[in-house]
Amino acid sequence: MSITYLEAIREAQAQALRQDPRVFIYGQDVGDFGGAFKATKNLAREYPGRVLNAPISEDAIVGLSVGAAIEGLRPIIEMQFADFSTVGFNQIVNQAATLYWRTNVSCPITVRLPFGGTSGSGPFHSQCIEAIYAHYPGLVVLTPATVEDAYAMLLEAVALDDPVIFCEHKLLYYHLKAESLPAEALPIGKARIAREGRDLTVVTYSAMVHEALVAAEELATEGWQIEVVDLRSVKPLDTDTVIASVARTGRLLCVGEAWPWGGVTAELIARVASEGYGLLDAPPQRLNAKDTPVPYHPNLWAAHRPTARSVAAAARNLLRS
Amino acid sequence: MMQTVSVPGAMGYAGASGELLLAAYRCMVRARLLDDKFAALYRAGMIQGGVFLGRGQEALSGAIGVSLQKTDVFAPLIRDAAGRLAFGEPMVDAVRTYMGSAQGPIRGRDGNVHRGRPQEGLLPMISHLGAMLSVVNGILFARRMKGITGCVGVASLGEGATSTGAFHEALNQAAVEKLPLVVVVANNQYAYSTPNSNQFACANLADKGVGYGVSAHTVDGTDFAACLNVVGGAVAAARAGKGPQLVVANLLRLCGHGEHDPGDYIEAKHKNSPLGRDCVKVAEEVLLKKQLADAAQIAVWRSAALREIEEVVAQVQREAGPDPFVEDWQALSTPHLAEGQEPKS
């Protein structure tokens, strides 16, 4: 038996509903229909009254979840696409993210964002907006890259007393599979060494972990040993694990599917430059999507985002410098 | 056909008792005098940031406060000193927040009217006021899930907030979910300096409720007794399971947007119209006419309120503000996940 990344997300929500009566799910089409991606398939039937359809009102969806959290419940919000969460942005960054700091009342909401590019999805169904949420104090921003992490981190997110932006990559939904769900996992806030190496560190997260692993495999045939760090959470950012890896390799390449300006890769380079400058044998580099909206056509899309091939090319350049 | 209802009897509400009128009036007076004190402290340079008064809106605000029960939910706007006092907010919370006391509910992290006690049903506003409606919806929604019935949530707005997307999303959401939400709009003719002619084009703001299937009511916001009847009726209707209610009160802000604002854009035609009546004076006339109080009694209440205010301010003036060296500088309640700490070196 194997389980996909998407099924892991569904199973984590089923488990959360099963083990905690305070949990409910609210979002567009999540009820009997089971969600646009079927991440809540059958849950409305299995947990009557706790998996509820919302009107197309992202602002009010998030606002309602904040009120429910104040009342002691643990809402899981499904945004149909991460891109649409901008309509609820104000409630996330100004209401949810500031509540604890202002009032000492915590705000345990989990906002699931199906995010990232898939072929043919275009400018409004492909965005990677984790950095915008990470910019604001008061939010935890998670970016699981594996089936196991999708499951374990979602369960941990729901149990957390703070608002969590849970970025689940749509490209991983169907084809990423695992044999079973984990009984335990690294805690939120800890990065994972996805592949060990000694020549260069690639730090990345979510779907780009898999591009980096393919690139590392390719470079291994050329005699290079690439270490791949999977951040798992972009906020908090596990700077210690990143610096320790750079200490081993002396070279840093940061890869993100998001746009470059002010993003996670920029933050990584800033931290390594200021806290681990002496560990670097070459200037740290980064690779991101191009600074345009995400294109629709597969030819354009494949060139817009980093791929195993472009990661490998950037790594080769850095290894030679 | 617009479904505006202004007759309380139509909602099965008996109307405000003399006792309720007196309770509301006393909160109005305390609020007016407290606001006057804040204005004086602001002019003396003793309050950082803005000061926002409820002058001219006390009757509506007080009507909200006395119509609610302790177990209800109230998301006030910036001019709701009367409603907050009537709902049970201790006066010291207001003074501590304005004066930045570390002992206040917000501990100097936010100021002036941005205060509350969320777990006691009093929500601390964010400046994007329309966003508070759906938070009230969330509390009511959660209570229903928990099997708690019979409670009501009131969200206070100005007419300006009815132009925001958040207002429309939340009003529709409340209607879809049939939540016991009462939205009270103080239509004070100006959103900061913007007159209604630049704010909306419908004949009556109550029409916005009708469009969502929400029962809508209009009231003269300067008329003390009418405010109590209409707000009380709307709260009773929501409590009785009749779904969300919208109350639009027409009145005039008798001051600037804040104390930094002379409000010289407020047109004389409004000031000289019935909208420009001082609702506190109107309330006094009602009490005298109904023989619920005489002039001597009113004077006693006023001096009691002044004494209370002076005592609270004197107490808070002795309290320290927040100490940046003691502040934990953490926005998360989970300490080990908080970022932004000084780098370990």
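This is a predicted model: local features need pLDDT of at least 70, side-chain atom pairs count only at pLDDT 80 or more; totals for chains, interfaces and linings use all residues.
**View 1. Chain A as a whole: eleven helices and 14 strands.**
Let's start with the overall dimensions. Along the principal axes, the C-alpha atoms of chain A fill a box of roughly 60 × 40 × 40 Å. The radius of gyration is 19 Å, which agrees with the value near 20 Å that a compact globule of 321 residues would have. Buried residues come to 58% of the 321 in chain A. If you take the contacts in chain A with a separation of 6 or more, 79% of them are between residues 24 or more positions apart.

**View 2. Chain B as a whole: eleven helices and seven strands.**
Here the C-alpha box is roughly 70 × 50 × 40 Å along the principal axes of chain B. A compact globule of 345 residues would have a radius of gyration near 20 Å, and chain B agrees with its 20 Å. Of those 345 residues, 53% are buried. In chain B, residues 24 or more positions apart make up 74% of the contacts with a separation of 6 or more.

**View 3. The two domains of chain A, residues 3-178 and 192-320.**
The domain assignment calls the stretch 3-178 domain 1 and the stretch 192-320 domain 2. Their C-alpha centres are 26 Å apart. Where the two domains of chain A meet, 25 residues of domain 1 are in contact with 22 residues of domain 2. On the domain 1 side, α5 (130-135), β6, α6 and β7 of chain A supply at least two residues each. Sorted by class, that side of domain 1 has 14 nonpolar, nine polar and two charged residues.

**View 4. The seven-stranded open sheet of chain A.**
Read across the sheet and the strand order in chain A is β3-β2-β4-β5-β7-β6-β12, with mixed pairing. The edges are β3 (51-53) and β12 (233-235) of chain A, each of which pairs on one side only. From one strand to the next, the twist averages 20°. Helix α6 (residues 147-159) of chain A lies across β2 (23-27), β4, β5, β6 (140-142) and β7 (164-169), and runs at about 160° to β7(A).

**View 5. Zooming in on β4 and β5 of chain A, a parallel pair.**
Strand β4 (residues 74-78) and strand β5 (residues 110-115) of chain A pair over three bridges. To find your way along the pair, look for A:I76 opposite A:T110 in β5(A), and for A:I77 opposite A:V111 in β5(A). Which residues of β5(A) point one way, and which the other? A:T110, A:R112 and A:P114 go one way from the strand, while A:V111, A:L113 and A:F115 go the other way. In a regular strand, side chains alternate between the two faces of the sheet. Six of the six residues of β5(A) are buried, so the strand is largely enclosed by the rest of the structure.

**View 6. The five-stranded open sheet of chain A.**
The order in this sheet of chain A is β9-β11-β10-β13-β14, and the pairing is mixed. Its edge strands are β9 (192-195) and β14 (285-287) of chain A, each pairing on one side only. The twist averages 25° from one strand to the next. Inside the sheet, β10 (residues 200-204) and β13 (residues 252-255) of chain A run parallel and are joined by three bridges. A:V202 stands opposite A:L253 in β13(A). Helix α8 (residues 239-249) of chain A packs on the sheet, where α8 touches β9, β10, β11 (226-230) and β13 of chain A. The direction of α8 makes about 175° with that of β11(A).

**View 7. Where chain A touches chain B.**
How many residues of each chain are in contact here? The count is 35 residues of chain A and 36 residues of chain B. On the chain A side, the elements that give two or more residues are α3 (58-70) and α4 (89-103) of chain A. The most comes from α3(A), with nine residues. By class, the chain A side divides into 16 nonpolar, twelve polar and seven charged residues.

Definitions and conventions. Residues are numbered from 1 along each chain as its sequence is written. Chains are lettered from A and ligands numbered from 1 in the order in which they are written. Helices (H or I, at least four residues) and strands (E, at least two) are DSSP runs, numbered from the N terminus. The radius of gyration is taken over C-alpha atoms; the globule rule is 2.2 Å times the number of residues to the power 0.38. A residue is buried if 20 or more other C-beta atoms lie within 10 Å of its own, exposed if 12 or fewer, and partly exposed in between; C-beta atoms are placed from the backbone. Two residues are in contact if their C-beta atoms, placed from the backbone, lie within 7 Å. Two strands pair if DSSP finds at least two bridges between them. Axes are lines fitted to C-alpha atoms, for helices over the stretch in contact, and angles run from 0 to 180 degrees between N-to-C directions. Ala, Val, Leu, Ile, Met, Phe, Trp, Tyr, Cys and Pro count as nonpolar, Asp, Glu, Lys and Arg as charged, and the others, Gly among them, as polar. Domain bounds come from an automatic or database domain assignment.
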